[in-house]
Amino acid sequence: MRILVAGLIVTAGTAFAFAQEPTRITSVSNVRLRATPSEHADVVAHLPLGTDLVQLETGGDGASWTRVRLPGGQDGWVPTRLTRSLSRSRRHEVLESIIEDRLPRKGDGFAARAELSALAE
């Protein structure tokens with residue numbers, strides 16, 4: 001019985017965490033989600049431009065890293081400078097700003113342009 005109750009608490013807590021509104025978004029392509037707040041840490045995932053993130057905490061040298069949770073529940077660390085703050089009321093404005101910053105870039109490959117196109121849609 002105790003195991004069942006503990007399992008229900010963990011399940012409910014996990015569902016709550018996933019239901020949170022995104023508070024950050026990746027503002028560049030191919031952001032490396034790392035196991036710890038360090039450029040030398042293991043890469044646990046690659047995130048495309050426009051990935052919604054829930055900010056959990058900041059850390060690393062000078063608080064330059066943000067611990068985030070992905071929509072699928074995976075946690076990791078990203079350099080804060082590769083993300084933008086996001087709220088429901090400002091979502092359109094933030095996406096527009098990212099697109100305006102990325103459009104004039106020269107030298108982006110096909111994959112980066114495809115991500116930008118998907119973000120614009």
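Helices (H or I, at least four residues) and strands (E, at least two) are DSSP runs, numbered from the N terminus. The model is predicted: local features need pLDDT of at least 70, side-chain atom pairs count only at pLDDT 80 or more, and totals for chains, interfaces and linings use all residues. Residues are numbered from 1 along each chain as its sequence is written, and side-chain values use heavy atoms, with hydrogens and water left out.

**View 1. Confidence along the chain.** The predictor's confidence in each residue is given as pLDDT, from 0 to 100. Its mean over the chain is 86, with 84% of the residues at 70 or more. Among the elements, strand E2 (residues 31-34) has the highest mean pLDDT (98), and helix H1 (residues 2-18) the lowest (45). The pLDDT is below 50 over residues 3-18, a stretch that has five contacts (heavy atoms within 4.5 Å) in the model beyond near neighbours in sequence. Where pLDDT is low, the predicted coordinates should not be read in detail.

**View 2. Helix H2 and its buried face.** Helix H2 (residues 91-102) consists of twelve residues and reaches 17 Å from its first C-alpha to its last, close to the 16 Å expected at 1.5 Å a residue; the expected span is 1.5 Å times one less than the number of residues. Val-94, Leu-95, Ile-98, Ile-99 and Arg-102 are the buried residues of H2, where buried means under 20% relative accessible area, exposed over 50%, and partly exposed in between (1.4 Å probe, protein chains only). Seen down the axis of H2, these residues fall within an arc of 135°, so they line one face of the helix; the arc is that of the directions from the helix axis to the C-beta atoms. They pack against strand E1 (24-26), strand E7 (83-85) and helix H3 (110-120). On the other side of H2, His-92 and Glu-100 are exposed.

View 3. Val-68 stands opposite Gly-76 in E6. Five residues lie between the strands of this hairpin, in which Gly-73 takes a positive phi near 105°. Strand E6 (residues 75-79) is mostly covered, with four of its five residues buried.

**View 4. Salt bridges around Asp-75.** A salt bridge is a side-chain nitrogen of Lys or Arg within 4 Å of a carboxyl oxygen of Asp or Glu. Asp-75 forms one with Arg-67, the closest N and O atoms being 2.9 Å apart, and another with Arg-69 (2.7 Å, N to O). Arg-69 is buried, at 17% relative accessible area, whereas Asp-75 is partly exposed at 27%, as is Arg-67 at 24%. Salt bridges that share partners join Glu-57, Arg-67, Arg-69 and Asp-75 into one network.

**View 5. The salt bridge of Arg-34 and Glu-39.** The side chains of Arg-34 and Glu-39 meet at 3.9 Å, N to O, in a salt bridge. Arg-34 is buried, with a relative accessible area of 9%, while Glu-39 counts as partly exposed at 43%. The whole structure holds ten salt bridges.

**View 6. Positive phi in two loops.** Most residues other than glycine have a negative phi. Asn-30, in the loop between E1 and E2, has a positive phi of about 60° although it is not a glycine; Asn-30 is partly exposed at 39% relative accessibility. Ala-63 lies in the loop between strand E4 (52-59) and E5 and has a positive phi of about 55°. Ala-63 is likewise partly exposed, with a relative accessible area of 42%.

Notes. Two strands pair if DSSP finds at least two bridges between them.
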